[in-house]
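Here is a set of questions and answers for a reader who is meeting a structure of this kind for the first time. Please look at the sequence and the structure, and then follow each answer to its end.

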Amino acid sequence: MMISLIPIIPLAGSLIVGLMGRRIPRRLVAMIACAAPSLSLLLSLTAFARLLQMPSEGRLLRASLGSWIASGDFSVSFGFLFDPLSAVMALVVCGVGLLIHIYSIGYMQEDRDYHRFFALLNLFLAEMLVLVLADDYLLLFVGWEGVGLCSYLLIGFWFERPAAASAGTKAFLVNRIGDGAMVVGLIWMILLFGSLDFETVLTKAPTVLAYGSVTVSLLTLLLFIGATGKSAQLPLYVWLPDAMEGPTPVSALIHAATMVTAGVYLVARSAPLFQLAPVTLEIVAWVGGLTALYAASIALVQTDIKRIIAYSTISQLGYMFLGLGVGAYAAGIFHLMTHAFFKALLFLSAGSVIHALAGEQDIRKMGGLRRSLRVTSGSFLVGALANAGIAPFAGFWSKDEILSAAYGSGHRALWVIGALTAAGTAVYMFRLYFLAFEGKSRLDAHTLSHLHEAPWSMRLPLVLLALGSSTVGFVGVPPDSGVLHRFLGSVFPASAHEASAEPASGVVLAVVALVMAVGGIAIAFRYYLRDPARAEAFTVRYPALYRTLLHKYWVDELYDKTVIHPTVVSARTLSESFDARVVDGSVNGVAALATRAGNLLRRLQTGQIPAYILSILVGTVVLLGYLAFSG
Amino acid sequence: MTGTVPLNAYLILSAALFVIGVAGVLIRRNVLVIFMSIELMLNAVNLTFVAFSMFLHSMDGQIIVLFVMAVAAAEVAVGLAIIIALYRNKESLNVDEINLLKG
């Protein structure tokens, strides 16, 4: 029962704040909104402690809330499940979510829709917890759609701005494409297994489906398409950079702790199924690796502070899928966890910068912020180091593990891609850091006068997340046998653990990755801090490359030309020809026919009573005659 | 008694009365006359009932006649009320002018 309260509490908080928020003071709104994730976190920790007391093989808590759908021999129950994987996800979601709630108290102070924001934030958290605690695919899908809805509402939170409104719509529509594939997958799953329960599906999978069969490959591929939509992978990543139109805490919540990790969670949860489909795993790994490199290359030239971090998120999610695809499920979840910390930290620091600069997001107009924003710049530096994969910060351990798993499982090409991405990550992270926080100030006088460090409610989460980003990596040390891996061990198929390389080459790989990252920082230092003119010269020397990256490989334009424009045009054509002529025409035609027939028949209604009586008489005579003579 | 007047004579009389009633309803224009014609039709039917009752030595026909007369009395009450209401509205009892049902 306890674990079903974990998602219910934020849901209740959302209802209270949403329905009564207008009538209660802001301070109380903030208190209620922050109490909900705190309670959920407390409950998750209690459940986590109970898991730890159990024997390591049977770590599982269940809460059944009764039957949901019962139709013939197909039934779906309403229930929650708390196993090591759910535990890690729930703790990350609640923990990071709580810090973001606290941060929002200060960040949204000036906003007139204070209570709406907190109600949506709580709802988002509740849906995400439903997603990670569900014990079958259908309830997971409820949470899955719930976070999609909340992200639409939160990205478009400032809906008076056309850019925000259309970004919300874009996120919603792009996600629908993935969700459509997922629905097909779920229906197929019902046909194959007669159930959507994780336990039934995942234990029956090896007997029902043959290893490497077309069925299991297509089924897992459908689930993976759903995951690419939610987790912003190629080719459905386009919504995520635009999602930056939302308030910064939303960016942190969506990109760090919650929504985008849903796809990773789905694949990790379905690991026994994916394990049967080597082809799909190969696709997952390649999509992940290519997305990582692709997004990192775009991040190199962007100038909007939040967009750089958004592309970085896409790139890091690519790493997670790379890990999952080469069978290192625990490493993927490990990276998800460390990423939640440092990406939340980066976004919240960026938010603090934007807050201090009264809405300025262009890093070309910043510079030298370190001197006035000490806490923010310090925590951003920690986040950047963690993201770039510098030891001993969190990102190093998890990223290194994924890379060595890729190398060890024989995916040398993917390892090269991953290592290149690591270097690129270091370059774009420190390009951002150097341009924004170091060097000479490029602020105008007005912004300079507005410059101030954030209030305590924003500084506290920054400091806590910075601590987390520097230490959380140690739960995965030593690689492949750290605390986290032993804890998660019972969830994932056994074969998935043997994938990584032997220790000796593991150290070599780690050193290579570290050298790449340090090299990246050095490049960023040379080009953007010591000699900014060099960066300019570079863009002049390779204009085609620079423009391609700056325009994000023209993918948005491509989608616009190949998908969106034809869809809109054909929809308009259909509405003007088929809908107006055929559909409306037939409906109106039936109505006109009735009118005309009525006009003909009304002549019979003379209103002359004798005429009516005569017709009655004639009718009676005919009827009687028929009865008398027919037999 | 029964031997003197055959059943057929009663039936022919009542058929004649009924046809006169129908003709009156169809031909006459005055609502009151139409009304009386309807009463005539009812009584033609009553005559048939009574004739059969006597011929078959059964009281059923006579009982039904009492019912028909009771219903006819009620019908007269309602019908006359409608005619008065019509006259107040239309200042006329000519059915040709009463064509509110015209479609």
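Q: Is A:Trp554 buried or exposed?
A: A residue is called buried if 20 or more other C-beta atoms, placed from the backbone, lie within 10 Å of its own, exposed if 12 or fewer do, and partly exposed in between. A:Trp554 has 12 C-beta neighbours inside 10 Å, and therefore it counts as exposed.

Q: How are the residues and chains labelled, and what kind of model is this?
A: Residues are numbered from 1 along each chain as its sequence is written, while chains are lettered from A and ligands numbered from 1 in the order in which they are written. Local features need pLDDT of at least 70, side-chain atom pairs count only at pLDDT 80 or more, and totals for chains, interfaces and linings use all residues, since this is a predicted model.

Q: Where is A:Trp554 found, and what is its phi?
A: Helices (H or I, at least four residues) and strands (E, at least two) are DSSP runs, numbered from the N terminus. A:Trp554 is in the loop of chain A between helix H24 (543-550) and helix H25 (555-601). Most residues other than glycine have a negative phi, and most peptide bonds are trans. For A:Trp554, which is not a glycine, phi is positive, near 55 degrees.

Q: Is A:Gly13 buried or exposed?
A: A:Gly13 has its place in helix H1 (residues 2-20) of chain A. Leaving aside neighbours within four places in sequence, its contacts (C-beta atoms, placed from the backbone, within 7 Å) are A:Ile32, A:Ala33, A:Ala35, A:Ala36 and A:Asn122. Because 26 other C-beta atoms lie within 10 Å, A:Gly13 is buried.

Q: How many bridges join strand S1 to strand S2 of chain A?
A: Two strands pair if DSSP finds at least two bridges between them. S1(A) and S2(A) form a hairpin with 2 residues between them, and A:Gly72 in the turn has a positive phi of about 65 degrees. In S2(A), A:Gly79 is the bridge partner of A:Ser64. Strand S1 (residues 61-71) and strand S2 (residues 74-82) of chain A run antiparallel, and the number of bridges joining them is 8.

Q: At roughly what angle do the axes of helices H13 and H18 of chain A cross?
A: Axes are lines fitted to C-alpha atoms, for helices over the stretch in contact, and angles run from 0 to 180 degrees between N-to-C directions. The axes of helix H13 (residues 278-299) and helix H18 (residues 412-437) of chain A come within 9 Å and cross at roughly 25 degrees.

Q: Is H13(A) roughly parallel or roughly antiparallel to H18(A)?
A: Angles under 35 degrees count as roughly parallel, over 145 as roughly antiparallel, 65 to 115 as roughly perpendicular and the rest as oblique. The crossing angle is roughly 25 degrees, and that makes H13(A) and H18(A) roughly parallel.

Q: Is H6(A) roughly parallel or roughly antiparallel to H8(A)?
A: The axes of helix H6 (residues 162-193) of chain A and H8(A) come within 7 Å, and they cross at roughly 155 degrees. That angle makes H6(A), relative to H8(A), roughly antiparallel.

Key:
Two residues are in contact if their C-beta atoms, placed from the backbone, lie within 7 Å.
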